[in-house]
Amino acid sequence: MNPTNYARILGTGSYLPETVLTNQELEQKIDTTDEWIVQRTGIRSRHIASKTDTTASMGIMAAQRALEAAGCDAASIDLILVATATPDQIFPAVACRIQAALGAHKAAAFDLQAACSGFVYALSVADQFIKTGHYQRILVIGSETLSRITNWHDRGTCILFGDGAGAVVLGASAEPGIIDTQLFADGREGDTLYADNWHNCALEQPYIYMAGNRVFKLAVSALDDLVVGMCKKHHLTDANIDWIVPHQANIRILQATADRLGVSMDKVVCTLAEQGNTSAASIPLALDAAVRDGRIQRGHRLLLESFGGGLTWAAALIIY
């Protein structure tokens with residue numbers, strides 16, 4: 001093990017489908033209003049995969065942009081990790097499809113499923129491989145086609161979800177990168193937020209099911225403990241947190257986390273209004289947006305946090 005190895009973000013990338021579904025369009029389909037959706041969630045629109053978009057194809061686009069930003073060739077990648085709850089097939093893994101498309105033929109490849117916490121879980125796995133010196137360069141992707149497991153007649157869930165993909169290239173470095181990751185789960189609450197597979201589903205189509213109020217309360221409580229614990233461990237205050245890059249679930253959850261840390265919402269990267277909840281893709285999508293528009297600069301300290309089905313929750317402290 002080389003103790004000087006940090007997993008450092010070399011480049012970021014993202015992809016969003018062209019089709020945009022607005023709240024006004026949803027008003028024509030279900031009993032809801034734009035005002036109600038915005039007040040409850042903060043979401044105004046979301047991107048929806050076309051017939052030709054797949055979890056793999058969106059991940060490929062995000063990965064190519066991350067590789068370009070990192071100045072890396074796909075042939076240099078040692079491992080591809082894809083966080084997704086919506087794979088195109090049971091197997092092969094989405095990561096294997098992406099490996100083939102990129103020409104990253106020396107890379108190992110596998111998918112990881114931790115719902116909305118999947119990207120941070122995948123970052124943690126990649127971090128361990130790089131810290132031990134086992135791999136030098138890893139591609140981590142979050143990609144989701146949630147629209148295909150969304151019940152468009154259920155106004156409690158269909159207003160929330162969108163599609164997209166985000167990616168980062170991690171490389172071994174002597175300079176600080178990923179400082180810490182913390183992962184948690186509570187399977188006892190699994191039935192509060194879940195999606196059946198085809199074999200267990202009594203309906204023609206498996207859908208996302210969510211006990212919204214219960215999930216909200218659990219998320220606020222778990223994230224409160226998570227971010228406070230991370231900040232205490234690393235002696236973080238409002239002054240030395242440059243950006244919070246959260247899972248984009250609900251504006252009230254984002255605000256509650258920021259309030260608990262005493263951090264202004266101006267320091268929270270929020271893509272929720274235009275993208276909705278894209279599960280494992282939401283954090284890398286937000287990260288790429290803030291890197292490309294110049295908000296996130298080299299040396300900035302980032303706190304990533306997420307909560308999702310499982311139930312799972314996770315955080316990462318990163319020097320970008």
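Analyst: A charge sits over a ring if NZ of Lys or CZ of Arg is within 6 Å of the ring centre and within 35 degrees of the ring normal. Keep that in mind for this predicted model.

User: Arginine 252 lies over the face of which residue?

Analyst: Arginine 252 is in helix α7, and its helix meets α6. Arginine 252 is placed at 4.6 Å from a ring centre. The ring is that of phenylalanine 216.

User: At what angle do helix α6 and helix α7 pack?

Analyst: Two packed helices are described by the angle between their axes and the distance between the axes. Helix α6 covers residues 212–234, and helix α7 covers residues 251–261. Their axes are 10 Å apart. The packing angle is about 30°.

User: Is tyrosine 135 buried or exposed?

Analyst: Tyrosine 135 forms a tilted aromatic pair with phenylalanine 129, 5.1 Å centre to centre. The relative accessible area of tyrosine 135 is 18%. Buried means under 20%. Therefore tyrosine 135 is buried.

User: What kind of aromatic pair do tyrosine 194 and tyrosine 209 form?

Analyst: A pair of aromatic rings is described by the distance of the centres and the angle of the planes. For tyrosine 194 and tyrosine 209, the centres are 5.3 Å apart and the planes are at 20°. Planes under 30 degrees apart count as stacked. So the pair of tyrosine 194 and tyrosine 209 is stacked.

User: Which strand holds tyrosine 209?

Analyst: Tyrosine 209 and tyrosine 194 are 15 residues apart, and their pair links distant parts of the chain. Tyrosine 194 belongs to strand β9, residues 193–195. Tyrosine 209 lies in residues 208–210, which form strand β10.

User: Why does cysteine 96 count as partly exposed?

Analyst: Cysteine 96 is found in helix α4, residues 94–102. Buried means under 20% relative accessible area, and exposed means over 50%. Cysteine 96 falls in between, because its relative accessibility is 31%.

Notes
Residues are numbered from 1 along each chain as its sequence is written. This is a predicted model: local features need pLDDT of at least 70, side-chain atom pairs count only at pLDDT 80 or more; totals for chains, interfaces and linings use all residues. Side-chain values use heavy atoms; hydrogens and water are left out. Axes are lines fitted to C-alpha atoms, for helices over the stretch in contact, and angles run from 0 to 180 degrees between N-to-C directions. Helices (H or I, at least four residues) and strands (E, at least two) are DSSP runs, numbered from the N terminus. Contact means heavy atoms within 4.5 Å. Buried means under 20% relative accessible area, exposed over 50%, partly exposed in between (1.4 Å probe, protein chains only). Rings of Phe, Tyr and Trp (its six-membered ring) pair if their centres lie within 6.5 Å; planes under 30 degrees apart count as stacked, over 60 as edge-to-face and the rest as tilted.
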